[in-house]
Amino acid sequence: MKQNLVALIAGVLFGLGLGLSQMIDRDRVLGFLDVAGIWDPTLLFVLGGAVIVTVIAFRFVLRLSHPLVTEKFHLPTQKNIDMRLVIGSAIFGVGWGIAGYCPGPGVTALVLGIWNPVLFVIALILGSLSYKRYSTRSKLRD
Amino acid sequence: MAEFNWITALLGGMLIGVSATILLAFNGRIAGISGIVNGAIRFATGEGWRWIFIVGMLAGGALYEYLLAPQPTPISSFTPWAIILGGFLVGFGTRMGSGCTSGHGVCGLGRLSPRSLVAVLTFLTTGIATVFVIRHVLLL
């Protein structure tokens with residue numbers, strides 16, 4: 001119950017942040033990625049503002065023996081930099097440059113009541129499920 | 001295009017950082033949206049918090065857009081094929097690379113993870129290259 005309340009509050013702040021910073025406007029994101037055009041620095045300030053907070057606050061949070069309302073931290077366990085990480089991130093970047101949305105802004109922009117985010121979220125889910133299917137199959141082959 | 005406002009950009013970013021801190025400190029979870037969505041669509045028991053986070057995101061977005069915004073967010077042009085192709089690649093790539101702008105960017109960089117730094121530099125590079133090709137080579 002408490003865990004769900006935390007998730008709700010965190011979700012609201014996240015969506016509010018994406019709205020206030022105008023990341024839900026894909027033209028702004030594309031304007032940031034378009035370094036050879038009329039460059040829009042917004043995304044740099046958004047990511048910078050977020051990372052300033054997390055770099056400082058996570059120091060303290062990760063010193064806790066366990067989270068405040070649950071039993072353990074669920075942190076990524078992989079440490080090695082492999083081709084899956086690099087190729088996956090590269091493919092994500094290409095999609096980001098084509099669509100102008102990454103997952104957070106794409107989902108939050110659903111509230112604008114326009115079609116772009118709706119199609120984006122459907123395609124995002126299909127892409128994700130396709131990778132899952134592909135990776136399960138290649139594991140079976142090995 | 002609307003003017004660049006560094007104050008709302010920075011404040012908005014800090015809200016996202018606070019959100020990620022709350023989710024990690026209280027629930028021990030990483031606020032990576034691709035991961036949250038991937039977990040949500042499994043519809044497993046005990047994972048309901050993911051849907052609640054997504055509902056919260058939508059509520060926060062609506063709260064901004066319909067109550068707080070000084071002017072409505074500009075509506076971008078409707079480009080269905082680019083959105084579908086791009087969205088598919090974002091979904092495929094973020095699952096393959098285990099994260100997106102929030103998971104690797106906001107949270108991974110916050111944890112000083114070398115993997116996330118590599119991921120962020122990679123997707124920024126290919127994102128910038130893609131927009132360059134689309135706008136300045138293909139002239140679309």
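# Briefing: chains A and B

The structure is a predicted model, and chain A contains 6 helices and 0 strands, which read along the sequence as α-α-α-α-α-α.

**Chain A as a whole**

- Of the 142 residues in chain A, 53% count as buried.
- Taken along the principal axes, the box filled by the C-alpha atoms of chain A is roughly 50 × 45 × 30 Å.

**Contact between the chains**

- Chain A contributes 97 residues to the contact and chain B contributes 98 residues.
- On the side of chain A that touches chain B, at least two residues each come from helix 1 (2-20), helix 2 (26-33), helix 3 (42-61), helix 4 (83-99), helix 5 (103-108) and helix 6 (115-141) of chain A, and helix 1 of chain A gives the most, with 17 residues.
- By class, the residues on this side of chain A are 60 nonpolar, 28 polar and 9 charged.

**The largest nonpolar core**

- The largest nonpolar core holds 81 residues, and the members that touch the most others are A:Ala10, A:Ala50, A:Ala99, A:Phe120, B:Leu23, B:Ala31 and B:Leu89.
- Helix 1 (residues 6-27) of chain B gives the most to this core, supplying 12 residues.
- Leaving aside residues up to four places away in sequence, A:Ala99 touches A:Phe120 in its own chain and, in chain B, B:Ala82, B:Ile83, B:Gly86, B:Gly87 and B:Val90.

**Helix 6 of chain B and its packing against helix 4 of chain A**

- The axes of helix 4 of chain A and helix 6 (residues 114-137) of chain B come within 7 Å and cross at roughly 35 degrees, and the crossing is right-handed.
- Among the residues that make this contact are A:Ser89, A:Phe92, A:Gly93, A:Trp96 and A:Gly97 from helix 4 of chain A, together with B:Arg115, B:Phe123, B:Thr126, B:Gly127 and B:Thr130 from helix 6 of chain B.
- The contact of these two helices comprises 13 nonpolar, 8 polar and 1 charged residues.
- Helix 6 of chain B has 24 residues, which should span 34 Å at 1.5 Å a residue, and this agrees with the 33 Å that separate its end C-alpha atoms.
- The buried residues of helix 6 of chain B include B:Arg115, B:Ser116, B:Ala119, B:Val120 and B:Thr122, as well as B:Phe123, B:Leu124 and B:Val131, and the elements that cover the buried residues of this helix include helix 2 and helix 4 of chain A together with helix 5 (101-110) of chain B.
- Just after helix 6 of chain B, B:Leu139 adopts a positive phi of about 55 degrees.

**B:Ile75, a loop residue**

- B:Ile75 sits in the loop between helix 3 (48-68) and helix 4 (80-96) of chain B.
- B:Ile75 counts as partly exposed because 14 other C-beta atoms lie within 10 Å, a number between the 12 or fewer of an exposed residue and the 20 or more of a buried one.
- Not counting residues up to four places away in sequence, B:Ile75 touches A:Leu112 and A:Ile114 of chain A.
- Along chain B, B:Ile75 and B:Gly97 are 22 residues apart, and their C-alpha atoms are separated by 30 Å.

Key
Residues are numbered from 1 along each chain as its sequence is written. Chains are lettered from A and ligands numbered from 1 in the order in which they are written. This is a predicted model: local features need pLDDT of at least 70, side-chain atom pairs count only at pLDDT 80 or more; totals for chains, interfaces and linings use all residues. A nonpolar core is a set of buried Ala, Val, Leu, Ile, Met, Phe, Trp, Tyr and Cys residues joined through C-beta atoms within 7 Å. Helices (H or I, at least four residues) and strands (E, at least two) are DSSP runs, numbered from the N terminus. Two residues are in contact if their C-beta atoms, placed from the backbone, lie within 7 Å. Ala, Val, Leu, Ile, Met, Phe, Trp, Tyr, Cys and Pro count as nonpolar, Asp, Glu, Lys and Arg as charged, and the others, Gly among them, as polar. Axes are lines fitted to C-alpha atoms, for helices over the stretch in contact, and angles run from 0 to 180 degrees between N-to-C directions. A crossing is left-handed if the near helix is turned anticlockwise from the far one by less than a right angle, and right-handed if clockwise. The expected span of a helix is 1.5 Å times one less than its number of residues.
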